[in-house]
Amino acid sequence: MSSKSKSGHKQHIPADKIGLKLIWVTGKTKEFLFTPSESAAVITQHVYDHWPSEWSDEELPPHNILRLIFQGRFLHGNVTLGALQLPVGKTTVMHLVARENLPEPNNQGQMKKDKSGESSCSNCCTIL
């Protein structure tokens, strides 16, 4: 899938790059190009350093709390696009959020079954 520029024309994504369409928390989007070897930390730093002019009315958060979400999971800083097996020459959508702390990478907060087969939860909340 090719991305579109502001003018509506299809933008070619080089065969050695990955297009990332980032969705900010307000719903605004911006497309960037990265290599498969670039990590989530490098990407968020790049976005911070090149904050989209279309987002100029948004408050620029500190660079160290920008986080990427892909398929419902926060990406830790050292994860590369290649490790996610994203297709080169194509565009992938990710969310960009400001969040100070990331959840632990190991199933923290998910439902678990104990030896009796009963479900239990660590770090769960109940909504009344």
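Q: Is W55 buried or exposed, and what is its relative accessible area?
A: This is a predicted model, in which local features need pLDDT of at least 70, side-chain atom pairs count only at pLDDT 80 or more, and totals for chains, interfaces and linings use all residues. Residues are numbered from 1 along each chain as its sequence is written, and side-chain values use heavy atoms, with hydrogens and water left out. Buried means under 20% relative accessible area, exposed over 50%, and partly exposed in between (1.4 Å probe, protein chains only). W55 is buried, and its relative accessible area is 0%.

Q: Which kind of aromatic pair do W51 and W55 form?
A: Rings of Phe, Tyr and Trp (its six-membered ring) pair if their centres lie within 6.5 Å; planes under 30 degrees apart count as stacked, over 60 as edge-to-face and the rest as tilted. W51 counts as buried at 16% relative accessibility. The ring centres of W51 and W55 are 5.2 Å apart with the planes at 75°, so the pair is edge-to-face.

Q: How many aromatic pairs does the structure hold, and how many residues apart in sequence are the parts that W24 and W55 tie together?
A: The structure holds four aromatic pairs. One of them is W24 with W55, which is stacked at 6.0 Å centre to centre and 25° between the planes. Helices (H or I, at least four residues) and strands (E, at least two) are DSSP runs, numbered from the N terminus. W24 lies in strand β3 (residues 18-24) and W55 in the loop between α1 (40-49) and β5 (66-70), so the pair ties together parts whose separation in sequence is 31 residues.

Q: Which residues do ring pairs link into a cluster with W24?
A: W24 is buried, with a relative accessible area of 6%. Ring pairs link W24 into a cluster with W51 and W55.

Q: What is the phi of Q71?
A: Most residues other than glycine have a negative phi. Q71 is found in the loop between β5 and β6 (73-74) and is exposed, with a relative accessible area of 71%. Its phi is positive, near 50°.
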